[in-house]
Amino acid sequence: MGIFGKKEEPELAEVFDQRRPSNVDAMNQQHRKSISNRGLTGASALTVKQSIFPITLVTILFFLWGFAYGLLDVLNAKFQNSLGITAAKAGGLQGAYFGAYLIGPPTYSGWIVRKFGYRWTFIVGLCIYGVGALMFWPSAVYRSFGGFCGSLFIVGSGLSTLETSANPFIATCGPPRLSEFRLEISQSFQAIGSVMAPLLASRVFFKDTEPTDLSNVQWTYLGIAGFVFLLAIVFYFAPIPEVTDADMALQAEQCSGLTGYVDKPLKKQFKLFFGVVAQFCYVGAQVGVAAQFIKYSVESANISDAAASDRYAIGQGLFAIGRFAAAGLMMVVKPRWVLLVFMTGVMIFIAASMGAKGEGGVAMLSIVLFFESCVFPTIFTLSIRGLGRHTKRGSSWIVAAVSGGALFPSLTGLVADHKGYHIAMCVPLIGFFVAFAFPIYLNTVCAQELDGFRESKIGYHDEDGLAIGDIKHEERRASVVNAEKGISPVEKEVSY
């Protein structure tokens, strides 16, 4: 049960048998030590102020790997043009990249985050990513398609490891009522990085190079590798609090009056399983749309590949704007409603894109990208709500669902080869339809639980300036109650 199972997860009884540290202890711990996932750290009641710096640091990581990921798309296209890789082989490249998500999070990535904590998972993920980037150098020198696939698999392994740690860290580091907002904002900066990278690549990095010239590609990959290794060193020294599964179990119990939370074994976490299926189908459909967007635009509007690439850049810009818009909405509207509205928009406009022709069809597909924006992070956070001591393992399963991106693009391309790109959008439509069932389920079956976490005040200050949910706050409340009852501190200790 070591690498797949629950060995590193705490039992509920041992959580409450421990001495409870405060949130100040969580911020003052010796930062580079790995911490037992079964132990309390005090991070279950971190305030907004305490969480700002670590959230900002990891958000910078989101931006930087979004930039690197966007740059990889351009570099991959250069590689494909140079080697004359066919569309079928290009589907194999996506299979190599997204296939890593199927393997890493449920096995070694998930084990690392439970065994050694978020910091070391960040560092390991960055190092794997850097090794993958370095591997592109010999692949470019020898113009090896197999080497290119292997390099993409290693890069995918690194990024999946980063996502296994970054997404749950952002979701759990701070007051629980702001979980969806935090992840939405962080992933918004990832979207900005993904938009900026192709623009800089085409206008700066590869402005005067021949389509078959791979010399700049080699040096760019080397630069990416050096950068992510440097970032790994930054994370080694950065003050990052560790949020353990024991902390999440305690937080879930503290919210139980509002949410109706009852500790259950992982096999009975049905919302998580539905979320994994929805995420798999959604990500697959999203990648399927993105992979065929340019070819769809050429077919629909009868424009050049360059003009279609510009339309895709606009679509990516709408995607980034959509994430910020969704984050703002989540401050005033329940996240489960936001997810339902955005998924409804996706369904409407992907169906419209199948029938619309000309620039209107391109516009429909661009609007699909806008409504796609909030879906991944919102499915993620709502799926792990109430997992308690299973939070890290459940999060790794949600990240593993990104492997849907290995299946849908190939199916979409297969239909496009025989029926055209408009009809091919029926494949993403099917994936979106399955994902659309999830917000309906959340808004009908899980509404009380999700709204309870949103109403929670854990991590906010009371009238005395103490963080609600923190041990110091509870000790203060107990002393006030005892004083009202006329029980002295000594008598209280004797009574126990």
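**View A. His 390 in its loop.** Helices here are DSSP runs of H or I, at least four residues long, numbered from the N terminus. By that numbering, His 390 sits in the loop between H16 and H17. The model shown in every view is predicted. His 390 has a relative accessible area of 2%. Buried means under 20%, so His 390 counts as buried. Leaving out residues up to four places away in sequence, His 390 touches Glu 9, Asp 245, Lys 264, Pro 265, Leu 266 and Gln 269. One of these, Lys 264, is 126 residues from His 390 in sequence. In space, the C-alpha atoms of His 390 and Lys 264 are 9.2 Å apart.

**View B. The salt bridge between Arg 389 and Asp 263.** The closest N and O atoms of Arg 389 and Asp 263 are 2.9 Å apart. This pair links distant parts of the chain, 126 residues apart. Arg 389 belongs to the loop between helix H16 (375-384) and helix H17 (391-400). Asp 263 belongs to the loop between helix H11 (256-259) and H12. Arg 389 is buried, at 9% relative accessible area. Asp 263, at 23%, counts as partly exposed. Glu 11 also takes part: salt bridges with shared partners join Glu 11, Asp 263 and Arg 389 into one network. The whole structure holds 11 salt bridges.

View C. Helix H14 covers residues 335-355. Its 21 residues should span 30 Å at 1.5 Å a residue, and the end C-alpha atoms lie 31 Å apart, which agrees. The buried residues of H14 are Pro 335, Arg 336, Val 338, Leu 339, Phe 342, Met 343, Gly 345, Val 346, Met 347, Ile 350 and Ser 353. An α-helix has 3.6 residues a turn, so residues three or four places apart point the same way. The side chain of Arg 336 meets that of Asp 451 in a salt bridge, 2.7 Å from N to O. Asp 451 lies in helix H21 (residues 447-455) and Arg 336 in H14, so the pair ties together parts that are 115 residues apart in sequence. Both Arg 336 and Asp 451 are buried.

**View D. The salt bridge between Asp 464 and Arg 476.** The side chains of Asp 464 and Arg 476 come to 3.6 Å, N to O. Asp 464 is in the loop between H21 and helix H22 (471-485), and Arg 476 is in H22 itself. The two are 12 residues apart. Asp 464 is partly exposed, at 43% relative accessibility. Arg 476 is partly exposed too, at 40%.

**View E. Helix H10 in its surroundings.** H10 (residues 245-254) is mostly covered, with 8 of its 10 residues buried. They are Asp 245, Ala 246, Asp 247, Met 248, Ala 249, Leu 250, Gln 251 and Ala 252. What do the buried residues of H10 pack against? They pack against helix H1 (12-16), helix H5 (105-115), helix H7 (145-172), H11 and H17. For the chain as a whole, 55% of the 496 residues are buried. The chain has 23 helices and 0 strands. Among its contacts with a separation of 6 or more, 83% join residues 24 or more positions apart.

**View F. The largest cavity.** This cavity holds about 150 Å³ of space. The structure has 4 cavities of 30 Å³ or more. Of the 17 residues lining the largest one, Thr 172, Met 248, Gln 251, Ile 384 and Arg 385 lie nearest its centre. H7, helix H8 (179-205), H10 and H16 each supply at least two lining residues. The largest share, 3 residues, comes from H10. By class, the lining has 7 nonpolar, 8 polar and 2 charged residues.

**View G. The second largest pocket.** About 270 Å³ of space lies in this pocket. Its lining comprises 18 residues, and the closest to the centre are Lys 264, Gln 269, Lys 271, Cys 446 and Glu 449. Helix H12 (residues 270-301) gives the largest share of the lining, 3 residues. By class, the lining has 8 nonpolar, 5 polar and 5 charged residues. Lys 264 and Gln 269 link this view to View A, where both touch His 390.

How values were computed: Residues numbered from 1 in each chain as written. Predicted model: local features only at pLDDT ≥ 70, side-chain atom pairs only at ≥ 80, totals over all residues. Heavy atoms only, no water. 1 Å grid on protein atoms, 1.4 Å probe; cavity = no way out; pocket = protein on both sides within 12 Å on 5 of 7 lines; lining within 4 Å. Points joined across faces, edges and corners; volume = space filled by probe spheres on them. Nonpolar A, V, L, I, M, F, W, Y, C, P; charged D, E, K, R; others polar. Expected span 1.5 Å × (residues − 1). Buried < 20%, exposed > 50% of the residue type's maximum accessible area, 1.4 Å probe, protein only. Salt bridge = Lys/Arg side-chain N within 4 Å of Asp/Glu carboxyl O. Contact = heavy atoms within 4.5 Å.
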